[in-house]
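Trainee: I am new to this structure and would like a close look at a single part of it. Could you pick a place to start and then walk me onward from there?

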Amino acid sequence: MRLIERHAAAAWPAVESREEEGWLLRHTPGVPRRRSNSALPLAQGEALLATLSRVEDFYTDRGMLIAVQVTPAEEHAALDESLAERGYRRAAATRVCVAPTSTVIDQSRTSASLAVTLTERPTRHWLDAYVALDGHENSQETADKVLSRVPGPAAYLSVEHGEGTAGMGLIVAAPGYGGVFCMTTHPGHRRQGIATSILHVGARWAAARGAGEMYLQVMDDHEHYAARQMYDRVGFRVSHTYHYRLRP
């Protein structure tokens, strides 16, 4: 579980990232997303509680919300309880799911009517498509400051329709693993097999680079129910969970 979290943190690079006293401290100015601006626990137990003030100072000095990614949640009950007692509110419950890459290949599919484009560098077209499909106020900043800096090897995948992009995804390879990010489909093109086609092509690419396992993060809320069902159909199962604890 901790190895997956290390890979996930590296795959989503922060502009400022440092390890201090059992924590990975991440900050990306202009990108107010939790995974870009949160502290990831690297140690366990009392050592984390003893150095929590360092986390608070790091984000306070930068004028940021203090955010701790409690992951794996199953291993950090004491930390979570302590943060709650200090007034940190709980947010963004998320499932981390894993699957053998071979299973994803076998259980996903590609449609004969869909062509999946794959590049190993972030083209301007792919980044612009992310901004259009992501739908957040800071999507442009995320594209420019995070996705343009993803360490390789990585596969930038998309399905085009007419003059626009119907769906997209990103696979980031690490030793033994392929991480799935940025999966999104245009509302007008859902239920056409676009996401599973992207996963199929991405899984084959990951397998060719030695990734025997794949992982992804999906929020545990009603809005992402359909996505969780799709991931379940192609073989992903819950490895662990996480959430954030936030304090102004």
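**A loop residue and a buried helix**

Mentor: Happy to, and let's start with arginine 149, which sits in the loop between helix 7 (139-145) and strand 7 (154-161). Please keep in mind that this is a predicted model. Arginine 149 is partly exposed, with a relative accessible area of 36%, a value between the 20% under which a residue counts as buried and the 50% over which it counts as exposed. Leaving aside neighbours within four places in sequence, arginine 149 is in contact with Pro13, Ala14 and Val15. Another arginine to look for is arginine 121: it is 28 residues from arginine 149 along the chain, and the two C-alpha atoms are separated by 9.7 Å.

Now move on to helix 8, which covers residues 194-208. At 1.5 Å a residue, its 15 residues should span 21 Å, and the end C-alpha atoms are 22 Å apart, which agrees. How enclosed is helix 8 by the rest of the structure? Of its 15 residues, 11 are buried, so helix 8 is largely enclosed. An α-helix has 3.6 residues a turn, so residues three or four places apart point the same way. After the helix comes glycine 210, whose phi is positive, near 85 degrees.

Within helix 8, have a look at serine 197. Its relative accessibility is 0%, so serine 197 counts as buried. Not counting residues up to four places away in sequence, serine 197 touches Arg109, Thr110, Ser111, Leu114 and Val116.

Finally, step back to the whole chain. The protein chain has nine helices and 11 strands. Its radius of gyration is 18 Å, close to the 18 Å that the globule rule gives for 248 residues, so the chain is as compact as a globular protein of that length. Along the principal axes, the C-alpha trace spans about 55 × 35 × 35 Å. Of the 248 residues, 50% count as buried. Taking contacts between residues at least 6 apart in sequence, 71% join residues at least 24 apart. The protein chain exposes about 11,400 Å², with carbon and sulfur atoms supplying 49% of it. As for charge, there are 27 positive and 28 negative side chains, and the centres of the two sets lie 3 Å apart.

Methods: Residues are numbered from 1 along each chain as its sequence is written. This is a predicted model: local features need pLDDT of at least 70, side-chain atom pairs count only at pLDDT 80 or more; totals for chains, interfaces and linings use all residues. Side-chain values use heavy atoms; hydrogens and water are left out. Helices (H or I, at least four residues) and strands (E, at least two) are DSSP runs, numbered from the N terminus. The radius of gyration is taken over C-alpha atoms; the globule rule is 2.2 Å times the number of residues to the power 0.38. Buried means under 20% relative accessible area, exposed over 50%, partly exposed in between (1.4 Å probe, protein chains only). Contact means heavy atoms within 4.5 Å. Accessible areas come from the Shrake-Rupley method with a 1.4 Å probe; for residues, only the protein chains shown count as cover. Lys and Arg count as positive and Asp and Glu as negative; His and the chain ends are not counted. The place of a charge is taken as NZ of Lys, CZ of Arg, CG of Asp or CD of Glu. The expected span of a helix is 1.5 Å times one less than its number of residues.
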